[in-house]
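Work through these exercises with the structure in view. Try each task before you read its solution.

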Amino acid sequence: MYFGKVLRGAARGTRLSRAQAIKTYFLFLDLRHKIEIHQMTGCVVECPIDEMNRPRGRQEARLRIPPTADQVGRLFAGWREELTICRKFAPAARNYTAAKLMSEVGLRVNEACKLDLSDIKWNLGHFGKLHVRHGKGARGSGPRERMVPLINNAAATLRWFIEDVWGQFGDDHARPGVPLLPSERKNTDGSAVRVGDETLRAALAVCAERHLPDWPDPVTPHVLRHFCAASQLYLGGMDLLAIHAVLGHAWLATTMKYVHVPGTHIEDAWIAGQQRAAARLKGLTR
């Protein structure tokens, strides 16, 4: 009745997500409280959604097409100019730095918020690395750690922020667990609170609306992550396995959804293939 009447006109994705939520809830009851419920009520826990009446279909993540490299460059150029006239320089520069890191090395917004100052490993690898200790887990695995190289000028972005901005938040750089991206708010001991993800999301949305008025869709931190994967890494020549490691995905199939190619990349690849075939044919006829 619920799916046939209440959700009859709902979108397919809504029906699938509600069905999964109900199945997960009954699985929890079955695993944790089945015996207790039977002793109290005489009823056996049984999920009402089975193979015969479950909603059909498969829910796919919505395709996110990021702005082009020129558009993202225009976004950050305008944002950078605003830093010279903004009322509160340090918070504005922090928001700018966080967004730059998302576009340069594909950090998730929650990962950026949880970084410590000590997570920057300047001497690792060719460019230095970020120790992402709170990467997104998969299927209850818990946080997945990874080391992210400071490519795409990310090292320069961080050095500027650390040397020229970070000290203005008034925290002690030697304190264990001091945040890389601090807030203006203070703890009771005078140390800085970590910036929240909503603060970074809101700042990005405002600047995108101001400097990319012709872009029809919202520019979110996850859109910048897609931009990093598709435009910065894949079109820059990085192979899929390396992109998979940078983004910290559990499955390679997830990474493949990030490297959708913009513009005429497919056509250019086809033309290049035809030219190679023609060159080989010409060599054979000789």
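Predicted model: local features only at pLDDT ≥ 70, side-chain atom pairs only at ≥ 80, totals over all residues.

**Exercise 1.** Describe how helix α5 packs on helix α7: give the angle and the distance between their axes. Then name the relative direction and the hand of the crossing.

*Solution.* 
- Two packed helices are described by the angle between their axes and the distance between the axes.
- Take α5 (residues 89-105) and α7 (residues 154-164). The angle is about 165 degrees, and the axes lie 10 Å apart.
- Angles over 145 degrees count as roughly antiparallel. So α5 is roughly antiparallel to α7.
- The crossing of α5 past α7 is left-handed.
- List the contact. Helix α5 brings F89, A93, R94, Y96, T97, K100, L101, E104 and V105. Helix α7 brings A154, T157, L158, W160, F161 and D164.
- Sort the contact of α5 with α7 by class: nine residues are nonpolar, two polar and four charged.

**Exercise 2.** Find how many residues the largest nonpolar core has, and which of them have the most contacts inside it. Which element gives the most to this core?

*Solution.* 
- In soluble globular proteins, nonpolar side chains tend to be buried together.
- Here the largest nonpolar core has 55 residues. W79, L107, L130 and L180 have the most contacts inside it.
- Look for elements that give two or more residues to this core. They are α4 (69-82), α5, α6 (109-113), β2 (129-132), α7, α8 (197-211), α9 (221-234) and α10 (240-247).
- Helix α5 gives the most, with nine residues.

**Exercise 3.** Start from W79 and list its contacts, leaving aside neighbours within four places in sequence. Then decide whether α4 and α8 are roughly parallel or roughly perpendicular.

*Solution.* 
- W79 is in contact with A92, N95, Y96, A99, A203, L204, C207 and H211, leaving aside those sequence neighbours.
- W79 is also one of the α4 residues that meet α8. The α4 side is R74, L75, G78, W79 and E82. The α8 side is A203, L204, C207, A208, R210 and H211.
- By class, the contact of α4 with α8 has six nonpolar, two polar and three charged residues.
- Helices α4 and α8 pack at about 105 degrees, with axes 9 Å apart.
- Angles of 65 to 115 degrees count as roughly perpendicular. Therefore α4 and α8 are roughly perpendicular to each other.

**Exercise 4.** Is S231 buried or exposed?

*Solution.* 
- Find S231 in helix α9.
- Its relative accessible area is 16%. Buried means under 20%, so S231 is buried.
- Leaving aside neighbours within four places in sequence, S231 is in contact with H226 and G236.

**Exercise 5.** What are the phi values of N152 and N153, and where do these residues lie?

*Solution.* 
- Most residues other than glycine have a negative phi.
- N152 has a positive phi, near 55 degrees. N153 has a positive phi of about 70 degrees.
- N152 is in the loop between β3 (146-149) and α7. N153 is also placed in the loop between β3 and α7.
- N152 is partly exposed, at 29% relative accessible area. N153 counts as exposed, at 52%.

Note on methods
Residues numbered from 1 in each chain as written. Heavy atoms only, no water. Axes fitted to C-alpha atoms, helices over the stretch in contact; angles between N-to-C directions. Helix = DSSP H or I, 4+ residues; strand = E, 2+ residues; numbered from the N terminus. Parallel < 35°, antiparallel > 145°, perpendicular 65-115°, else oblique. Left-handed = near helix turned anticlockwise from the far one by under 90°. Contact = heavy atoms within 4.5 Å. Nonpolar A, V, L, I, M, F, W, Y, C, P; charged D, E, K, R; others polar. Core = buried A, V, L, I, M, F, W, Y, C linked by side-chain atoms within 4.5 Å. Buried < 20%, exposed > 50% of the residue type's maximum accessible area, 1.4 Å probe, protein only.
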